[in-house]
Amino acid sequence: MPTLCVQCSKDRAVIVRPKNHQKLCKKCFITTFETEIHFTITSNNLFQRGERVAIGASGGKDSTVLASVLKTLNARYDYGVELLLLSVDEGIRGYRDDSLETVKRNAVQYEMPLTIVGYDELYGWTMDQVVEQVGKKGNCTYCGVFRRQALDRGAATLGVEHVVTGHNADDMAETVLMNLLRGDIARLSRTTSIITSTPSATAVANPNVLANIKRSKPLKYAYEKEIVLYAHHMSLDYFSTECIYSPEAFRGSARALIKNLERIRPSTILDIVRSGEDMARLCPGYEDNCRAGCNTAAQGEEEEAGCGSSVGRSAGGEMQKLEAILAQQHISEDGNSNGHSIEVEVKKVVTRVSKVKPSKKAPVQQTVGQCEKCGYMSSQRVCKACVLLEGLNKARPKTGIHIADGYI
Amino acid sequence: MASNTIPSFPITVEFTGGLELLFSNQRKHNIQVPEQDSSGAKTNISWLVDHLCNNVMKDSRKDMFVLHNSVRPGILVLINDADWELEGESNYELQKGDSILFVSTLHGG
Amino acid sequence: MTTNGLSRPCKRCNAHEAALVVRNEPLCRSCFTIYINTKIIKRMEAFRTRNSAEGHRRKLLLPISFGVSSTCLLDVLSRHIKQQQDRNGRPGYSLILLHVTGASLSTSAGEEDKNIEKLKEAYPQHPYFELDLSSVYDSGRSLDQGSQEEAAFKLQRLLDSASSATSRSDIVSVLLTRAIVKFAIAHECEGILWGDSTTKLAEKILAESAKGRGFSLPWQVTDGETPYGINFYFPVREVLKKELLDFAKMTDSRLVDLISDEAFTPAQAPVSSKNTTIDLLMKQYFESVEESYPSIVSNVVRTSTKLQPSVVGLRRCKLCTHPVTKEQLGIESWEGTQDSEKDPSGDKLELCYGCSRTIPESAIPLLPR
């Protein structure tokens, strides 16, 4: 005997909501899902009338659902925003080709203009070329940095100041756990903020334009499972690739934990996000850095969720690396057993690992300068991408950032 | 030897969300399901999962589909479009013409 | 025991053969024992003899679970007190031992009795007390049969209101803490010495985060004041669980006899059942992380304990009793629930976010005061 939907009591229930075990029919589920995202948008004031909003589109389930829902809600509730699709081509053959084809189809399906920015035109290097150069370990660092800038630069060329991404509740929960495991509580506030901002290149050109590009995550509280179900029941077109996050990488480990937790108590995904938000407020330095809206530049780069591509997942070893670094530090702190002091080259690493106490003197007003090399907004003399490019161009992939950020 | 005339019926099995990569990149499969399994009980999802693992999966990474004898957490199972939780999960007894969908939720987007 | 069979000399004394490798250092048995003792005693700085006034006994409560950690802690501190006595003529503090029954869901009553007798025999110098978990319901001092049974009944009803194994386990551990605190305060203890190892603390950090209680972590894992009205100390915080296991097997005192058998069993069973608990999941997780990446475990604890406790809210959650602001009560008062029709005043809510996941609002009347 089929169960009836608890909301309409008419149709057969086909969905069990992970967040509360509610049994819903297809129609009620779709409406509820859309309405909840609408609530997230309005209660956080994500959109302003007349705003141009670029949807970071990868062709994957999250961005496809995001585009579809935003289009629906924009029409239904008259947000008055102009929606565009913005896609990044990292130049990974076999991966991006298919997903870009999907995005192109999405552009037609959702009737939105599409802009594709490629790494080759931005940086002179495609990811395939980078991997050829540096191998499969650590190339994700490059991809992450490049992609982050690519989205911002792409938005800037379109004159857009607001980018939305499809980060969902599972991503958020995963990142919270990951940061706890890595001992990076400083990142917690950025991880859980629904809106973050970063310096934009346009500010220099036109002082009337806002200095920051806003990034928001309307799907922040949506369960990944529901996103998949929404896409399925709405027959949305998306591209998926296999996920091979190694369990020896922090994200892989966190992901496995999340999935097991979800089985025990489905609400844990939101519960972790909630904990993350609460703990962010308890981080030393929170008051200075985050009260007035999270300024990414003040605390370093934002976490990229990772592309899940098989091109170069840091094949395990991530946890091993950090373990080795910490073990050395422990020895040098404890003092050596025989009374000899061990000289350890941990300067850069110590800075990174002990960054958990961000300086209370970190200014809210970030002094933003320009990268010497490319003119992109940066709080450093040379922006991260240029540093990496310099290395690539000199055929020397190892840089200080590589070591310190080895566990992305 | 026993004859091969165990009555069976067809069902369709579909893999998406990246799972199809474990099954020779084929999304839809037509499977003949015997009415009873080796113990004489009606064949259910449990049986199907085993069968897929042992006889249909071409990839050696079984643990991407199954973990500790059950479907890996993160993989959704829909039985005729409905969540398998509503149908008894792995105990659901298969019927002729059933459409079983395995969707992986574990991938980027 | 990890005899490495490599016949290496101990890195510290260079005199004896190493018995095991600890954080990349081969150590002999006695150096290892010293290492563990030092790690723990280092954290008892505040309780040196010179810090206590003559004639004033500083009392500390040591809850005993007959698990590895609390038993090892008892051993180390007993030795420490004796040392203080020998050196200074008087100790810096004294211990009160407390065992709460009805909190462990596995040890049989018979085995518990055996361990208790052995413990009293081995450490007669410390007063030993026993309490049932349901005592958390006791309002006055009446200990008659009737009110004890009533308390046990209420506790059972509360546990029955929980809808999952993980929720039941959560209720038990929250009430256990409350019962211990209540006892410690009643006996004028200055603080409570918890036996939590580095590994246990890491488990707690992740488990409580998963339960939505991230806001209360500073009070649960750092040394110092707590909203319970008594200080918490974690002297074993720099020792890994696996190191404690080795220590228990290697010391001269027959600790192994005092520890329940299941404490030595690893929690490695596969987690595929929905009936497992969040705490057990984290225990299994860190048991394996500890094996290969022990520094990562330490790092989790070290960094997460830098979180500062929140500004004290005016209300108290009725279950965990932590102070919360109005915004932190219940599930509804958070955008994550995306429900536009929530109670705007939040006046009817009495459980913090995390606790509302464990028991329904309807079970609030079943809670102890």
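Predicted model: local features only at pLDDT ≥ 70, side-chain atom pairs only at ≥ 80, totals over all residues.
1. Conventions. Residues are numbered from 1 along each chain as its sequence is written, chains are lettered from A in the order in which they are written, and side-chain values use heavy atoms, with hydrogens and water left out.

2. The sheet of chain C. Five strands form an open sheet in the order β5-β4-β3-β6-β7, with parallel pairing; strands are DSSP runs of E with at least two residues, helices are runs of H or I with at least four, both numbered from the N terminus, and two strands pair if DSSP finds at least two bridges between them. β5 (128-132) and β7 (231-233) of chain C stand at the edges with a single partner strand each, so one side of each lacks a neighbour in the sheet. From one strand to the next the twist averages 30°, where axes are lines fitted to C-alpha atoms (for helices over the stretch in contact) and angles between N-to-C directions run from 0 to 180 degrees.

3. Pairing at β5(C). Strand β4 (residues 94-101) of chain C runs parallel to β5(C) and is joined to it by five bridges; one pair of bridge partners is C:Leu97 with C:Tyr128 in β5(C).

4. Helices on the sheet. Helix α2 (residues 68-88) of chain C lies across β3 (59-63), β4 and β6 (191-193), at about 165° to β4(C). Helix α5 (residues 165-186) of chain C lies across β3, β4, β5, β6 and β7, at about 140° to β4(C).

5. Chain A strands. In strand β3 (residues 52-56) of chain A, four of the five residues are buried, that is, under 20% relative accessible area with a 1.4 Å probe and protein chains only, against over 50% for exposed and partly exposed in between. β3(A) pairs in the parallel sense with strand β4 (residues 82-89) of chain A over five bridges, and A:Ala54 has A:Leu84 as its bridge partner.

6. Chains A and B. In contact (heavy atoms within 4.5 Å) are 27 residues of chain B and 30 residues of chain A. The two chains bury about 2,300 Å² between them, 55% of it on carbon and sulfur atoms; this is accessible area (1.4 Å probe) lost on being put together, summed over both parts. Two salt bridges are counted between chain B and chain A, each a side-chain nitrogen of Lys or Arg within 4 Å of a carboxyl oxygen of Asp or Glu; A:Arg12 and B:Glu87 meet in a salt bridge at 3.1 Å, N to O.
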